[in-house]
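Here is a quick briefing for anyone meeting this protein for the first time. Have a look at the structure, then read on.

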Amino acid sequence: MEGKGHDEEKGLPIPSVSSHAHTTLSSRQTTIVCSAEHPSEDLTHVTLVNATVVSFEPGDPTNPHNWSTLKKTLIVLTCALICTNSSLGSALAANITPFMHSFHVPLGPQTILPTSVYLCGFMCGPLMFAPLSEFYGRYPILIIGFTLFTLSTLGTALAPNWPAFLVFRFLTGVFGAPPISVGGGVIADMFSEEILRGRIMMLWGASTFMGPLGAPVITGFTAGTIGWRWPFWIAFILAGVSFISVVLLPETLAFKILRRKAENLNKQSSTDETFISPGDINRGSLAQTMKITLSRPVRLLFSEMLLGFSCVYMAFAYAVFYMMLKIFADIFTGVYKFSLGFSGLAFTTSTISACVANIWYDSVAPRIAAKHPERRPEYLRLPPACVAGPLLVISLFWLGWTSRASVHWIVPLLSMIPYGFGYQMIFNSILNYITDAYQIYAASALAACGTTRSLAGVLIPLCIDNMLHSLGIAWSCTVLGFISAALTFVPFLFIANGEKIRGRSRFSSTIKPPELSPPVGELTRVISAT
């Protein structure tokens, strides 16, 4: 799940003391009234006897916010590395036809299945692994998930037949989801300052873009020369090396760290005094947690106009990206007679403009927001998307209508520059906007985005073979361009009416203003009972 996973619930009005100042809340009994997970639900009453709630001291070295810059940097790099592994796997089977012949599978729509079933597995991430990481901690989910991801990648490389290959692709997608679903939460655990966190999230998010760009290069240069299994062997080797860094990751979730503190204090205590973490005061069961997490994204998706339009826009852009893998290969191997490897290498041209997009976004967005402080979420995040949408449309028309033998190959290749810029900006802008607009409900909102995005990535690209066969390259790109053009109005709509829409929102109206948010260093997400 992309976003502030640990900020999703309302901060609870619980008394707390420093983890080093062992002051009992009450000599007899303390009753704490905590709001439930949704404003319309009943309050939950929790009774504690002789309880001391532990929290972080100012400057506490165990607080992830206070870790050294070097330690935070290494953790971010590890998250980026394992996200690259996951996203690399998603496109690794794109345009590999030798394995189709090996398994005696006819060419056609089935060629997209290895990518589709992988993305189908990805859908489990936002709804399953993100809440599990809030319940058990980030580290157990990442280490278990990445271990199974590595083994599933090995299974793909050794698959004896087509059904087994597809099953292992699905499992690799399922277990490749935790780095993407939990990585954003890890970053939010360590960085509290808004601008810095946005920059780190932007850099981390770029790793999910780099993987699918690198996959066609690996596949192109190995599948047709040393065998179709070698791309998966390379992915397995990379995952094995990356596994070392995952093992060394520390736990970053404040709730988990404070619970360990409370457990240690209970072991050391010689009285009947009980120490607890803030998260244990109103902590529901895993079943209750999963119920909340599975239901709220759906409620948000179908009741929130901002989220609904955002999900549609990002889902289509995401699906077009995976369709472009096929379109680009058809253009440069079919029209210009490139090898599959050099075709994949040409596709990485979009990396350059994506990097430029990140730098430009970081320099422009804060200046625009400073001029409109009364509407900060809209003006901090969305103006770059207003530029990015038209660029994405232009790139699709450019690519489609210049891809012919009479036009030099450099002309369609250059269309990847506005494409990479537009794609990256759309995701950076809208994901950050959703996070800012929904704040304590950000994890649920981002889960809805992640699920719809993966669903679109599964279903829409299934039509690309028939589309290219029936319409040809030019008109296929034109159809995608017209749909994208209609969706470019989404960020303009939000800038014009976003504040009014948020004001009428059932969820947004319950969000506390920043000055009422829990203080830095306190646990800001507690799982509530329903």
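Helix 12 passes helix 18 in a left-handed crossing, where left-handed means that the near helix is turned anticlockwise from the far one by less than a right angle, with clockwise being right-handed. Keep in mind that this is a predicted model, so local features need pLDDT of at least 70 and side-chain atom pairs count only at pLDDT 80 or more, while totals for chains, interfaces and linings use all residues. Residues are numbered from 1 along each chain as its sequence is written, and side-chain values use heavy atoms, leaving out hydrogens and water.

**Helix 12 and helix 18**
- Helix 12 covers residues 305-335 and helix 18 covers residues 416-438; they pack at an angle of about 155°, with axes 11 Å apart.
- That angle makes helix 12 roughly antiparallel to helix 18 (under 35 degrees counts as roughly parallel, over 145 as roughly antiparallel, 65 to 115 as roughly perpendicular, and the rest as oblique).
- The axes are lines fitted to C-alpha atoms, for helices over the stretch in contact, and the angles run from 0 to 180 degrees between N-to-C directions.
- Residues of helix 12 including Leu306, Tyr313 and Phe328 take part in the meeting with helix 18, whose own residues there include Met416, Phe427 and Tyr438; contact means heavy atoms within 4.5 Å.
- By class, this contact has 20 nonpolar, 1 polar and no charged residues (Ala, Val, Leu, Ile, Met, Phe, Trp, Tyr, Cys and Pro count as nonpolar, Asp, Glu, Lys and Arg as charged, and the others, Gly among them, as polar).

**Helix 16 and helix 21**
- Here helix 16 (residues 383-402) packs with helix 21 (residues 489-504) at about 155°, and their axes are 8 Å apart.
- These two are therefore roughly antiparallel to each other, and helix 16 passes helix 21 in a left-handed crossing.
- Pro383, Ala385 and Cys386 from helix 16 meet Pro491, Phe492 and Ile495 from helix 21.
- That contact comes out as 6 nonpolar, no polar and no charged residues.

**The whole protein**
- The protein has 21 helices and 5 strands; helices (H or I, at least four residues) and strands (E, at least two) are DSSP runs, numbered from the N terminus.
- Of its 530 residues, 60% count as buried (buried is under 20% relative accessible area, exposed over 50%, partly exposed in between, using a 1.4 Å probe and protein chains only).
- Among contacts between residues at least 6 apart in sequence, 83% join residues at least 24 apart.

**Trp67**
- Trp67 sits in the loop between strand 4 (51-55) and helix 1 (69-91), and it is buried, with a relative accessible area of 10%.
- Not counting residues up to four places away in sequence, Trp67 touches several residues, among them Pro61, Lys72, Met190 and Ile257.
- A polar atom of the Trp67 side chain lies 3.1 Å from the backbone oxygen of Pro61.
- Trp67 and Phe191 are 124 residues apart along the chain, and their C-alpha atoms are separated by 9.8 Å.

**Thr452**
- Thr452 belongs to helix 19 (residues 442-459) and counts as buried at 18% relative accessibility.
- Its side chain reaches the backbone oxygen of Cys449 at 3.0 Å.
- Leaving aside neighbours within four places in sequence, Thr452 is in contact with Leu301, Cys311 and Ala315.

**Lys337**
- Lys337 is in the loop between helix 12 and helix 13 (340-347), and counts as exposed at 65% relative accessibility.
- Most residues other than glycine have a negative phi.
- Lys337 has a positive phi of about 60°, although it is not a glycine.

Technical notes:
A polar contact is a pair of N or O atoms within 3.5 Å; within protein, one must be able to donate a hydrogen and the other to accept it, and residues adjacent in sequence count only if both atoms are side-chain atoms.
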